[in-house]
Amino acid sequence: MTSTPTPVADRPADTTEAPAPEAGTGLTHGLKQRHLSMIALGGVIGAGLFVGSGAGIAAAGPAIVLLFAAAGAVVMLIMRMLGEMSAARPATGSFSVHAEKELGAWAGATSGWTYWTMLCCGVAAEATAAGQIMHGWVPFLPAYGWVAVFMVFFCASNLLAVRNFGEFEFVFSALKVTAICAFLVLGVLGICGVFGDAPGTSNLTGDGGFFPTGTAGLIAGLLTAVFAYGGLETVTIAAAESDKPRENVARAVRTAVWRIGLFYVGSMALVVVLVPWNDASVVADGPYVTVLDRLGIPAAGTIMQVVILVALLSAMNANIYGSSRMAYSLVSRGLGPRFIGKVTRGVPMAAVLSSCAFGFFAVFAGIWWPDTVFTWLMNTTGVAVLVGWIFICVTQLRMRRRLEREAPELLTVRMWGFPYLTWVALVAIVGVFVAMATTDGGRDQLYVSAILVGALALAGYVKQRKDQRAAV
């Protein structure tokens, strides 16, 4: 790991608005408040909600509502902590920058590169799923051909300007918000009996009751709920490239509570009230398609496939953006190969290309080595979310105390109930690790992720000791 000068974007910022850097020396501030607002609004509506929630319902039954609520409560605390730190010190590397400053280079490298790996693997998974949907509609091009089209398109888009990322996410988020709001309205009307007979509480109390699958089902459902929230941190990365970083990240974090409650918990509640949890179509077709079919909405399957495709493409776009900025930030702090840090016209092109190349590799691994390399890569993604959250908690405990002593005026966003709720979140995350260790699939993820996290921590520690010796 070689050292390079820290660019403007990741120096601790003490001004309300970050100045645009000189051409070729750092990132531009091309995102506007409307971009950040819509990214924050639509960012919580991810592919995990539309694609993965069916497995959670099948695993836990109606209790999935409580699990999504519990996981959402932890995520709210995480986002509040991250908002406190990011509003005080806006940085492209977000929590990785704060972890390095408060805990050392080993923490910055571990949290940053783990998160980068998760985002790049996410790009591969989302591109593959989107390619399968498009192949079903336009079969003359194989699924991997559509994957290549999507990868090249979003890679080129992110290479041109950060504003492209903002505009695409603005449109994608608007479509996702419209779709989920329409679903919520239709679901409420269905419960009220506008579409046929009102279901009452029969689906909540029948077929085994509210907790039909016992402890094992609750653990599986909890893991599904937790991982569905992964990736919400991207908005704090994007805020560093907006025109008013502090104001924008503060606004995004403050609205996280009602967005999570409405979109995730609200939609899950409607699903389990309207359809039986053990209906085979909940997993086969997806919970949202099943509900719309039950309500008699024409072309429900096609409508939801379009929405899912939009969610997948949105996640691809956001993950390419987030991974490239995280890589750029890490390299700019001397925590990665120097060539990735090259910036052209305000865009970290080498970081974008490197992130997309890793995503392409993961896609091909799914084709050539689906049961070995691809499985290994995918097993790192779930735990990576939890690793990042742990670093956020520990870093916030340290950073809050320091800011209270040195610069209390920067605490424009404050963590609720500090330090007690920070500790509550930390204990809850450790509890998720313990729950994972009770399942075969969870243990596999823990083993694989331990290797990755251990290697990154060791490399970061070696870099940290080298810097310490050089400073003597």
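Which residues are buried in H19? In this predicted model, the buried residues of H19 are Gly442, Gln445, Leu446, Val448, Ser449, Leu452, Leu456, Gly460, Lys463 and Gln464. Helix H19 covers residues 440-471. Its 32 residues, at 1.5 Å a residue, should span 46 Å, and the C-alpha atoms at its ends are 46 Å apart, so expectation and model agree.

Another helix, H3, runs over residues 64-88 and contains Glu84. With a relative accessible area of 1%, Glu84 falls under the 20% cut-off and is therefore buried. Leaving aside residues up to four places away in sequence, Glu84 touches Gln396, Arg400, Leu411, Val413, Arg414 and Met415. Two of these contacts are thus with arginines, Arg400 and Arg414.

The next topic is empty space. Rolling a probe the size of a water molecule over the atoms shows where such space is left. The structure holds one cavity of 30 Å³ or more, and the largest cavity has a volume of about 50 Å³. Its lining consists of Ser86, Arg89, Pro90, Ala91, Ser94, His98, Thr236, Ala239, Ala240, Pro245 and Val249. Helix H10 (234-239) and helix H11 (245-254) are the elements that give two or more residues to this lining. Sorted by class, the lining of the largest cavity has six nonpolar, four polar and one charged residues.

Pockets are open sets, unlike the cavity. The second largest pocket has a volume of about 280 Å³. It is lined by 17 residues, of which Phe50, Ala284, Asp285, Gly286 and Ile308 are the closest to its centre. At least two lining residues come from each of helix H2 (47-60), helix H5 (105-137), helix H13 (280-284), helix H14 (287-294) and helix H15 (300-332). By class, the lining of the second largest pocket divides into twelve nonpolar, four polar and one charged.

The cysteines remain. A disulfide is a covalent bond between the sulfur atoms of two cysteines. How many disulfides does the model have? The count comes to zero. Cys155 is in no disulfide: the nearest cysteine sulfur belongs to Cys356 and is 3.3 Å away. Is Cys155 buried or exposed? Cys155 is buried, because its relative accessible area is 11%, which lies under 20%. Cys181 has a relative accessible area of 32% and is therefore partly exposed.

Notes: Residues numbered from 1 in each chain as written. Predicted model: local features only at pLDDT ≥ 70, side-chain atom pairs only at ≥ 80, totals over all residues. Heavy atoms only, no water. 1 Å grid on protein atoms, 1.4 Å probe; cavity = no way out; pocket = protein on both sides within 12 Å on 5 of 7 lines; lining within 4 Å. Points joined across faces, edges and corners; volume = space filled by probe spheres on them. Helix = DSSP H or I, 4+ residues; strand = E, 2+ residues; numbered from the N terminus. Nonpolar A, V, L, I, M, F, W, Y, C, P; charged D, E, K, R; others polar. Expected span 1.5 Å × (residues − 1). Buried < 20%, exposed > 50% of the residue type's maximum accessible area, 1.4 Å probe, protein only. Contact = heavy atoms within 4.5 Å. Disulfide = S-S within 2.5 Å.
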